[in-house]
Amino acid sequence: MKKLGFGLMRLPRKDNEFDYEKVCDLVDKFIDNGFTYFDTAYVYDGSEDIFRRTIAERYPRNAYQLADKLPCWHIKFKDDVPVIFNTSLKRCNLDYFDYYLIHSLQNNRAHEYDLYDCWDFCNEMKKEGKIKNFGFSFHGTPDLLEKTLEAHPEVDFVQLQINYLDWESDTVFSRKNYEICRQHDKKIIVMEPVKGGLLADVPDMAAKKLRKIDQSASFSSLALRFAASLDGVMMVLSGMSTIEQVIDNINTFDNFVPLNDEEIKIILEASEIINTSPAIACTSCKYCIENCPKLISIPDVFGAYNNMYRNGMWSAKEQYKKFIDDKASAPAAECISCRRCESVCPQHLSISEQLEKISKIFDNR
């Protein structure tokens, strides 16, 4: 199995729906080049359905592998667990999942997966053949990861957020969590290797550093190579939305060349430069949006703020004004600091504080 996986969260849209024809083009190019791994989730709006329409209904079962996920924040009673699982199977038009994950295990919600017997349920589904490989995606602290792997040695793999920007992070803990998985001899699937696209377009000083590795390579490909060069990594996920991204990623993995020690040193030096920039490290996962009582489209607001440092104040203000005028989001000023968004943010961002800062820049001008 080739190491590149297709994340089905950031697919191209048309009129607020996934663009069926374009998605077909993307997945066809991916599969035609020998890549087979796709990743979706119950909570990715429309993702399971578009998987069914573009892949399950157009390809034989042995042409692809699918990973899906069980979210505790949609569970109110134990009986909800099999309902969610079977709903995902039905949406995807499958009899089994190749990979199935406890979704987004974090310190503030780990107990819920125990409360609702999610681990036991998934292990039972594996015994019945409805799950081939069982694991969990993780956004917590090293202590929690250690405790989880000690309590559940039966898991086949762990999905970690790993990218060079988060490698030494004291909130994401990429390196520390990676090392714990290696100590427990668990296979690793990497998510957010390009950090939601943030590492596809880096500041000029960081770009100058990265060009020492390869003058012609995309910055995304260097980020993917960083993750895929780590021992124990079996799969690197990329949320692709254009044919150019698919082709670039295919080229990176078809002729994969691991980074050497000197190249890794350069990448980590670039990371230090990027980490000192004022950009907000939002990956646009959008988990925060459904928890916002004021209907603030937090990723869009953060995107406008980050744009200010790339293209200037005028461009950022126009971007912000447009989605406020189009009713795509309430203004940042309407944040009531309830912090519901922060409880589900995989990046552990101080969202309320950031919105207050952004409001002073955009809403008062």
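How many of the residues of S6 are buried? I looked this up before anything else. Nine of the nine residues of S6 are buried, so I noted the strand as mostly covered, with buried meaning under 20% relative accessible area, exposed over 50% and partly exposed in between (1.4 Å probe, protein chains only).

**Entry 1: ground rules.** I am working from a predicted model, in which local features need pLDDT of at least 70, side-chain atom pairs count only at pLDDT 80 or more, and totals for chains, interfaces and linings use all residues. Residues are numbered from 1 along each chain as its sequence is written, and side-chain values use heavy atoms, with hydrogens and water left out. Helices (H or I, at least four residues) and strands (E, at least two) are DSSP runs, numbered from the N terminus.

**Entry 2: the barrel.** I traced a closed barrel of eight strands with parallel pairing, in the order S1-S4-S5-S6-S7-S8-S9-S10. From one strand to the next, the twist averages 30°. For pairing I used the DSSP rule: two strands pair if at least two bridges are found between them. I also noted that strands of a sheet pair through backbone hydrogen bonds, either parallel or antiparallel.

**Entry 3: strand S5.** I turned to S5, residues 65-70, and found six of its six residues buried. Gln-65, Ala-67 and Lys-69 point one way from the strand, while Leu-66, Asp-68 and Leu-70 point the other way. On one side I checked S4 (residues 37-39), which pairs with S5 in the parallel sense over three bridges. There Tyr-37 stands opposite Gln-65.

I then looked at S6 (residues 97-105), which pairs with S5 in the parallel sense over four bridges. Ala-67 has Tyr-99 as its bridge partner in S6, and Leu-70 stands opposite Ile-102.

**Entry 4: from S6 to S7.** S6 and S7 (residues 131-138) pair in the parallel sense over six bridges. Tyr-99, noted above as the partner of Ala-67, also stands opposite Asn-133 in S7. Leu-101 has Gly-135 as its bridge partner in S7.

**Entry 5: crossovers.** I called a crossover right-handed if, with the strands pointing away from the viewer, the path from the first strand over the helix to the second runs clockwise. S4, helix H2 (residues 47-56) and S5 make a right-handed β-α-β unit. The chain then crosses from S5 through helix H3 (residues 80-92) to S6, and this β-α-β crossover is right-handed.

**Entry 6: helix packing.** Two packed helices are described by the angle between their axes and the distance between the axes. My axes are lines fitted to C-alpha atoms, for helices over the stretch in contact, and angles run from 0 to 180 degrees between N-to-C directions. H2 and H3 pack at about 35°, with their axes 7 Å apart. Contact here means heavy atoms within 4.5 Å. From H2 the contact takes Glu-48, Asp-49, Phe-51, Arg-52 and Ala-56, and from H3 it takes Ser-88, Lys-90, Arg-91 and Cys-92. I sorted these residues into three nonpolar, one polar and five charged; Ala, Val, Leu, Ile, Met, Phe, Trp, Tyr, Cys and Pro count as nonpolar, Asp, Glu, Lys and Arg as charged, and the others, Gly among them, as polar.

I also followed helix H1 (residues 20-32), which lies across strand S1 (4-7) and S4 and runs at about 165° to S1. Helix H7 (residues 174-183) packs on the sheet and touches S7, S8 (157-161) and S9 (187-191), its direction making about 170° with that of S8.

**Entry 7: cysteines.** How many disulfides does the structure hold? I counted zero, taking a disulfide as a pair of cysteine sulfur atoms within 2.5 Å. Cys-24 counts as buried because its relative accessibility is 5%. Cys-341 is in no disulfide, with the nearest cysteine sulfur, that of Cys-338, 6.0 Å away. Cys-341 also counts as buried, at 7% relative accessibility.

**Entry 8: positive phi.** Asp-15 is not a glycine, but its phi is near 55°. I placed Asp-15 in the loop between S2 (13-14) and S3 (17-18), and it is exposed, with a relative accessible area of 69%. His-348, also not a glycine, has a positive phi of about 55°. His-348 lies in the loop between H14 (340-344) and H15 (351-362) and is partly exposed, at 32%.
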